[in-house]
Amino acid sequence: TFYTLFRTKESVIDWYLDQIFLGFVQSIDPSAKQDLSQLCRQAVFFLLEDPGKIRCLTKNGLESALIPRMKKYIDLIHRLADTRLSPDDEYAGAFLAGGMVALVSQAIENGSALGQEEKDRLALLVERIISGEFFVI
């Protein structure tokens, strides 16, 4: 009966992640104008808010399942931020998705240090990286 609802285990993971991200999208105030870095910051904060949501994937080495979904969510975040997509945005989004997944996975792996201050710090770090404040090349 399981496979009458889901064709593969990956489709279960995708559904699960979509439910988590739907909660993030519903938490956004559509009347508040926000840029891409602010929305990505909020997405990371949302994922860290309840690390148990993602821990089951990280404990089983399934972080890679998060990357294509995060890429999809970054495309949605682009639309929420009302930013235009250029051909390079697809590649930049893929790069950003991998980085956000790695950051969230690392934070969850560190586990006990996920107090409010640490979540704020990591979410701000994402915004600083995206806006170019962290790395200068």
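Which side chains meet in a salt bridge at 2.6 Å, N to O? The side chains of R69 and D18 do so, a salt bridge being a side-chain nitrogen of Lys or Arg within 4 Å of a carboxyl oxygen of Asp or Glu. The model is predicted, so that local features need pLDDT of at least 70 and side-chain atom pairs count only at pLDDT 80 or more, while totals for chains, interfaces and linings use all residues. Residues are numbered from 1 along each chain as its sequence is written, and side-chain values use heavy atoms, with hydrogens and water left out.

The structure holds four salt bridges. Helices are DSSP runs (H or I, at least four residues), numbered from the N terminus. With a relative accessibility of 15%, R69 counts as buried, whereas D18, at 23%, counts as partly exposed. Here buried means under 20% relative accessible area, exposed means over 50%, and partly exposed lies in between, for a 1.4 Å probe and protein chains only.

D18 also forms a salt bridge with K72, at 3.7 Å from N to O. Because D18 lies in helix 2 and K72 in helix 5, this pair ties together parts that are 54 residues apart in sequence. K72 is partly exposed, with a relative accessible area of 41%. Apart from neighbours within four places in sequence, R69 is in contact (heavy atoms within 4.5 Å) with D14, L17 and D18.

Another salt bridge joins the side chains of R121 and E118, at 2.8 Å from N to O. Both residues lie in helix 7 (residues 116-130), three residues apart, which is about one turn of the helix. An α-helix has 3.6 residues a turn, so residues three or four places apart point the same way. R121 is partly exposed at a relative accessible area of 46%, and E118 is partly exposed at 22%. Salt bridges that share partners join D14, D18, R69 and K72 into one network.

The structure holds one aromatic pair, a pair being rings of Phe, Tyr and Trp (its six-membered ring) with centres within 6.5 Å; planes under 30 degrees apart count as stacked, over 60 as edge-to-face and the rest as tilted. The pair consists of F21 and Y73, which are stacked at 3.9 Å centre to centre with 5° between the planes. F21 belongs to helix 2 and Y73 to helix 5, and the two are 52 residues apart. F21 counts as buried at 7% relative accessibility, and Y73 counts as buried at 7%.

The largest nonpolar core has 35 residues, and those with the most contacts inside it are L17, L48, I54, M70, I77 and M100. A nonpolar core is a set of buried Ala, Val, Leu, Ile, Met, Phe, Trp, Tyr and Cys residues joined through side-chain atoms within 4.5 Å. At least two residues of this core come from each of helix 2, helix 3 (36-49), helix 4 (52-59), helix 5, helix 6 (87-110) and helix 7. In soluble globular proteins, nonpolar side chains tend to be buried together. Leaving aside neighbours within four places in sequence, L48 is in contact with V104, A107, I108, L114, K119 and L122.

In helix 4 the buried residues are I54, L57 and T58. These residues cover an arc of only 95° around the axis, which puts them on the same side of helix 4; the arc is that of the directions from the helix axis to the C-beta atoms. Their cover includes helix 2, helix 3, helix 5 and helix 6. Helix 4 is followed by G61, whose phi is positive, near 65°.

L39 is placed in helix 3 and is buried, with a relative accessible area of 2%. Beyond neighbours within four places in sequence, L39 is in contact with F24, I28, Q34, I77, L80 and A81. The C-alpha atoms of L39 and F24 are separated by 9.9 Å, and the two residues are 15 residues apart along the chain.
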